[in-house]
Amino acid sequence: MKSSFRIRAVAFVASAAVLALTACSAGSSTSGGGSGSSPGGDQKLSIGLVAEPASLDFTTTDGAAIPQALLGNVYETLVKQDDSGKIVPSLAKSWTVSPDRKTYTFDLVDNAKFTNGKQFTANDAVFSINRVKTAWTISLKAAMDVVASSKALSPTQLQVTLAKPSNDWLFRMTTRIGAMFSESGVSALATDPVGTGPFKFSKWNRGDSIVMVRNDDYWGSKPFFQQITLKYFKDATALNNALLTSTINVIGTVQAPEALSQFTSNDKYQVIEGTTNGEVLLSFNNSRPVFKDLRTRQAIRMAIDHKALLDTCWAGRGKLIGSMVPPTDPWYEDLTGVAPFDLAKAKSLLQASGAAGKTLRLRLPTLPYATSCGQVVKSMLEQAGLKVQIDQLEFPAAWLTTVFKNADYDMSIIAHVEPRDLGAVFNAKYYTRYDDPTLQGYLAAADSGDEAAQVDNMKKAARRLSEQAAGDWLFLLPNLIVADKNIKGLPTNAITENFDLSKLAR
Amino acid sequence: MKRLNPSLVVGGVIVGVIVLMALISFVWTPYDATLVTPASRLLEPSWSHWFGTDKFGRDVLSQIMVGSRTTLFVGVVAVGVAAVIGVPLGILAAMVRRWPSEAIMRANDLLLAFPALLLAIMFGAVFGASTLTAMIAIGIASVPSFARVIRSGALQVMRTEYVLAARAAGRRPLPIAVRHVLPNVTSLITVQASVSFAIAVLAEAALSFLGYGTPPPTPSWGRMLQESQEFLFSAPRLAIFPGIAIAIAVLGFNLLGDGLRDRFDPKLEDRR
């Protein structure tokens, strides 16, 4: 018996050692499965990302991961944004706007081809614009409602007539709703995207990766890499470990900022830190009775110490914004002072509104920033007198269905990465269920006025949102990229919907 | 007087300490285990925080104390589910005729082919990740081991003279199962429960580590391990403390199981 006990003691020490080793290597062991797509030759690249698309069809499926992968790479738009946010030519070489600002005439490139072999013409542009209005189902399609008609003046000339002047429409044409489709290439958008871009979709290993290969018939400058694999990781540490073990060459967006020091102190890697459009929003379901009272919404904003939250859940990286506008937009104002952290005032507001002691359901997507910030938000709101119940919903499928489509939630946390998305996120039809005629008035005036009126009214809209506490803007996500030292062309700022792969080189 | 069995004693003490820690945590912990205090984040172990604090400024010792509740809860649920289904199934398989018995055991084998963690992840995907769903799944996955062990024990009991006498006297199967078979396989049930308890604790830790177990911010040793990943280089203690807690708990339940087996089966002890 004594010897048996000794054996067990030895086994215990061994099991403790194994457990410690398991913890140390755990990240790499859950690295999203092996796809066999590790970078090989010089012309292949592998990029690690965090949220895998639910489908490849952004005409019917919401989520930022689809345009991130496909827009600008497989699909192209007539116009696009450059790194400074300026609208520049893409499939349209140039364009003119009529004096009444209602008619746009585009001159299109004459040598672009879809990957199914069809020539890109103005008829495809007409088809694509009309299709947004007739076949798309996502809420962002509303930006195309302003188009009264579109017609092909010639194979390379397109005319679009708006029902009223719109500052926003041309900008929206740089986003996913401006993607150009081939009439014969839309039968299987969810699995087989066909575009004119510098890359061709090759395959999708669900749960693991999307593979794209260079489009050798591309009409513009051909990309450097022959093949680029986008690998998806649910676990932030696994993503870091994948770069450390050379499974990937680039971390497209760092999800474990606390562990960044392991890269900054290593000469093998470059760390890029810039800004994004990604407003991390503590969203309120404004259709729920508890959120009808302005005092409750304001109390929630004041109960959160945003600086402490950013330091705790995202290692202090990112920027506090105070409304739905990032600093890269022309109408940005620092609105962090509108609802400063004031626990005593938050408590009294909750008492006055009668919300103190009520339980709110915080439904979080399984994304690292949401899980981390959700715990801080819960603790801070409970100190102010609310009760918070956290539910985790698998992202994207369960979260999109429960929170985004059915609005079955009280509060949630998600980063909205679409550019200039204030009006899209805060309206009665979106999952925030925010119905505010005053806000809509500012947005309409911003869209129809001249440039100065646009900036002025958008500032008013952002301030209105902040003062009405339509949600709480926890912080703006930083653009944190880590890559092998020799990778060039990585963007400092991520201010568009897409991850431009065509500029990458070694 | 019979000599004390070291496995039983050490296992009993470890399990006793965990139970005590869980009970104390209901009335007292050094700090609120879920209170986020940004000013106190990532503190080294000290007199005020014996095990230090995590990235949210939460006291690690308090989390380990409250986490022991989760550990015991998962063990009770998983073993309860496994025993409630597995024991009657094992006794039934021992008492019925050949082909129904074979059918039960082959169905059992089929369930055995499902890895417990995979079953728990499937349950989590369908019913939502929670401690309870994970443990029901682990419990169901543990049914075959209960049924197998209990069937072998029950088969031996069925051949004893008192059962043969009861059958000859015209006793119906249910009273025989309840009055004669069940009491004589309780030692097997206890040993199997103790071993399954250890497996369930480890499974919960693994599931929470993967994000399919206890949701945040409820303290759980597996979740603590998961959240410590970012700090393996800068603050490895955040992984070490819950790792040691899991290892000790699993060891404790395994030793208790071994000790109980030795206690209930003196022949086995003599052979050692």
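**View 1. Helix H5 of chain A and its buried residues.** In H5(A), the buried residues are A:Ala236, A:Thr237, A:Ala238, A:Leu239, A:Asn240, A:Asn241, A:Ala242 and A:Leu243. "Buried" here means that 20 or more other C-beta atoms lie within 10 Å of a residue's own, while exposed means 12 or fewer and partly exposed falls in between, with C-beta atoms placed from the backbone. The helix spans residues 236–244 and is mostly covered, with eight of its nine residues buried. After H5(A) comes A:Ser246, which has a positive phi near 65°. Helices (H or I, at least four residues) and strands (E, at least two) are DSSP runs, numbered from the N terminus.

Please keep in mind that this is a predicted model, in which local features need pLDDT of at least 70 and side-chain atom pairs count only at pLDDT 80 or more, whereas totals for chains, interfaces and linings use all residues. Residues are numbered from 1 along each chain as its sequence is written, and chains are lettered from A and ligands numbered from 1 in the order in which they are written.

**View 2. The open sheet of chain A.** Here 10 strands line up as E8-E9-E10-E1-E11-E16-E12-E15-E13-E14, with mixed pairing. Strand E8 (199–205) and strand E14 (387–393) of chain A are at the edges with a single partner strand each, so one side of each has no neighbour in the sheet. Two strands count as paired if DSSP finds at least two bridges between them.

**View 3. Strands E1 and E10 of chain A, side by side.** Strand E1 (residues 44–49) and strand E10 (residues 227–232) of chain A pair in the parallel sense over six bridges. To find your place, look for A:Leu49, which stands opposite A:Tyr232 in E10(A).

**View 4. The annotated span of chain A.** UniProt, in an unreviewed entry, places "domain: Solute-binding protein family" at residues 86–415 of chain A. Such annotations may be inferred rather than shown by experiment; their positions follow the numbering used here, and feature names are shortened. The span is 26% helix and 26% strand, and its end C-alpha atoms lie 23 Å apart.

**View 5. The helices of chain B.** Chain B has 10 helices and zero strands. Of its 272 residues, 47% are buried. An unreviewed UniProt entry annotates residues 68–257 of chain B as "domain: ABC transmembrane type-1". Over residues 68–257, chain B is 83% helix and 0% strand, and the end C-alpha atoms are 19 Å apart.
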